[in-house]
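Subject: Structure handover

Hello,

Here is the structure I promised, with the sequence alongside. Please open it first, then read my notes below.

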Amino acid sequence: MWGLEADRTYKKIMLVVDDEKEVQVLIKAYLPSSKFEIHSAYNGIEGVRLYRELLMKGKKPDLVVMDLNLSGSRKKEDLMKQFRGEEMDGVKTTQEIMKMDPNANVIGFTAYAHLEWGGRLKATGAREVLGREIGFEGFAKRVEQILA
Amino acid sequence: MVELHESILDNLDEVIHLVNRDMKILFVNKAIEKLSKGKIKKDEMVGKNLYDIFPFLKDTGVDKEYERVFSTGESLKTEERTEYHGSKIYTVTSKIPIKDGGGKVTQVITIMRDITDLKKVEETLKELADEYSKIVELAQEGICIDDENEKMIFVNDAFAKIVGYEKSELFGKSIFDLVGENGKNILESQTEKRRAGKSSRYEITVYRKDGTPRVLLISATPLIVDGKYAGSISVNLDITERKRMEETIKLEREQLLSIFEGIDEPVYVADPETYEILYVNEVMKKSFGKDIVGKKCYEVFQKLDAPCDFCTNEKILGKNFGNTYVWEWQNQVNKRWYRCMDKGIRWPDGRKVRFEMAIDITDKVKAEEEMKRALDEERQFKLETSHYFFNPICIAKGYLELAKEEGDIDKINKALDAINRVEKVVKNIVTKGEIKE
């Protein structure tokens, strides 16, 4: 019991919504498990579901890391469907999470940070949108700053 | 026999009575009862003095008339108006002396005819004539009567005012004296018509006494007496101001159309009630044909059988009159795009009509479409580039950084996979011109 409380007290809870398995792996590799409890969702529906489950368990995520293209595909047709909002992309997922929890702490980490799509994510409520070019080191550093 | 005479006399409409020198009534027929509307009975009169029954006869000098007939022995015919029991009665009376063997007048027979109804008709006719005369005098139109030599024998005040003369100055003058050379030709032709018994209406310029011209619209009718031309009567309307206004309107119309003609874009004007095309400029004629004025706008411009369901008339007419409505539309006949500027304007004849100027924006629309397509392509290019390059490069960098620290072959392989992904995309771009993995 004491151990669980200590775990809850010191570890930051993160939900990473990204369809790229390698990105999920690298985020976990760069953020020490001693400080972060990281939950992975590979599409928007899973992301919303996980956020709800964490809330119900009393484990409200301290930070949600959101990609934009959540198609799980490398085809450009699927990319365009996501971009046009025909499927549950990062923007729609963030909207659903914000509906559930208006105080949700969301940041973007995406290849489209500097495009109109990234702007839409910010307008939806993401506190900032980081581009992939900052690398995982840069990303990890920024996350630690935000959650310090 | 006496009874027979009395019966005949009683059936006459004229009142007949007989008096002696003492003015005693010896006989009166039944007509007196009708004349007095039953107030006097014939039997009550006989044997009485005429002046006792009709005392007012003395006041009106009738007693003197009887004295004259008795003394001169000559008949007398008079016309009287009598107020009797509140009614006016008009009569014509003949007093005829009856003489004895010695030539002395012993009795006078009076025959009195009631002409009240006739008089009333006369009075009504006179009143009507007076009224008519007043109407003629007060009429705004100049009324003029000429004799058979075209000399004026009557003009009303309005006619004198129009031509700027005193009425007295016009009598004996001819309308020929008031016109110029051109006017004289018109008048000669018109006079010929009149002499042939024909009425007509025509316009002519007359010159007032002070020399200023006035345009008259004359409606003239011949006066035919006993089958002969006796002159003419004319009603003269001063239409100078109207003509001036017509000229102004004509000028304004010409100016307006000249402006429309100078516009290099299609311009048309249509009647919003009938959809009839009232005007098209040359540019429009080149596109839709030369003979389209008078045809329906929807038939010519849209090839429709009924008014267009997108007609903008209500946006520029009624309470919106004067507003300009701008809209863009692709004409389904020639497939070109237009920016239409519609406005309700007042046509020179006073009608509120639809004006439309359509600027051909086909090239602009195409350029905009081209630009939009280019922007879409650019956006897609950026998205795809970000998708296919940033992700694998980021992953490769991530693993290489880790491998550097840990000397882990597995991580180096993963980084190489990510780099291979980028390499594949680059190869596809170079060989196929496509961004894909």
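The two chains meet through 18 residues of chain A and 18 residues of chain B. On the chain A side, the elements that give two or more residues are α2 (21–30), α4 (76–83) and α7 (135–146). Of these, α2(A) gives the most, with 4 residues. By class, that side of chain A has 9 nonpolar, 2 polar and 7 charged residues. Bear in mind that this is a predicted model.

The axes of α4(A) and helix α15 (residues 362–406) of chain B come within 11 Å. They cross at roughly 115 degrees. The crossing is right-handed. Which residues make the contact of α4(A) with α15(B)? From α4(A) come Lys76(A), Leu79(A) and Phe83(A). From α15(B) come Leu383(B), Glu384(B) and His387(B). By class, this contact has 3 nonpolar, 1 polar and 2 charged residues. As background, an α-helix has 3.6 residues a turn, so residues three or four places apart point the same way.

Now the chains one by one.

Chain A has 7 helices and 5 strands. Along the sequence they follow the pattern α-β-α-β-α-β-α-α-β-α-β-α. Of its 148 residues, 39% are buried. Take the contacts in chain A between residues at least 6 apart in sequence: 60% of them join residues at least 24 apart.

Chain B has 437 residues, and 21% of them count as buried. The chain holds 16 helices and 15 strands. For contacts in chain B between residues at least 6 apart in sequence, the share that joins residues at least 24 apart is 35%.

Next, a sheet in chain B. Its 5 strands form an open sheet in the order β2-β1-β5-β4-β3, with antiparallel pairing. β2 (25–28) and β3 (76–84) of chain B stand at the edges. Each has a single partner strand, so one side of each is left without a neighbour in the sheet. From one strand to the next, the twist averages 25 degrees. Within the sheet, strand β1 (residues 15–20) of chain B pairs with strand β5 (residues 105–114) of chain B over 6 bridges, in the antiparallel sense. There, Ile16(B) has Ile111(B) of β5(B) as its bridge partner. Helix α6 (residues 62–72) of chain B lies across β3, β4 (87–99) and β5 of chain B. The helix runs at about 135 degrees to β5(B).

Then comes helix α7 (residues 116–138) of chain B. Is α7(B) covered or hardly covered? Hardly: the count of buried residues among its 23 residues is 0. At 1.5 Å a residue, α7(B) should span 33 Å, and its end C-alpha atoms are 32 Å apart, which agrees.

Strand β6 (residues 142–147) of chain B has two faces. The covered face holds Gly142(B), Cys144(B) and Asp146(B). The uncovered face holds Ile143(B), Ile145(B) and Asp147(B). β6(B) runs antiparallel to strand β10 (residues 228–238) of chain B, and 6 bridges join them. In that pairing, Gly142(B) has Asn236(B) as its bridge partner. β6(B) also pairs with strand β7 (residues 152–155) of chain B, antiparallel, over 3 bridges. Here Asp146(B) stands opposite Met152(B). The hairpin of β6(B) and β7(B) has 4 residues between the strands. In this hairpin, Glu150(B) takes a positive phi near 65 degrees.

Why does Tyr275(B) count as partly exposed? Because 19 other C-beta atoms lie within 10 Å of Tyr275(B), and a residue is buried at 20 or more. Leaving out residues up to four places away in sequence, Tyr275(B) touches Ala270(B), Lys296(B), Cys297(B), Tyr298(B) and Pro307(B). Tyr275(B) and Val353(B) are 78 residues apart in sequence. In space they are 9.5 Å apart, C-alpha to C-alpha.

Best wishes

Definitions and conventions. Residues are numbered from 1 along each chain as its sequence is written. Chains are lettered from A and ligands numbered from 1 in the order in which they are written. This is a predicted model: local features need pLDDT of at least 70, side-chain atom pairs count only at pLDDT 80 or more; totals for chains, interfaces and linings use all residues. A residue is buried if 20 or more other C-beta atoms lie within 10 Å of its own, exposed if 12 or fewer, and partly exposed in between; C-beta atoms are placed from the backbone. Two strands pair if DSSP finds at least two bridges between them. Axes are lines fitted to C-alpha atoms, for helices over the stretch in contact, and angles run from 0 to 180 degrees between N-to-C directions. Two residues are in contact if their C-beta atoms, placed from the backbone, lie within 7 Å. The expected span of a helix is 1.5 Å times one less than its number of residues. Ala, Val, Leu, Ile, Met, Phe, Trp, Tyr, Cys and Pro count as nonpolar, Asp, Glu, Lys and Arg as charged, and the others, Gly among them, as polar. A crossing is left-handed if the near helix is turned anticlockwise from the far one by less than a right angle, and right-handed if clockwise.
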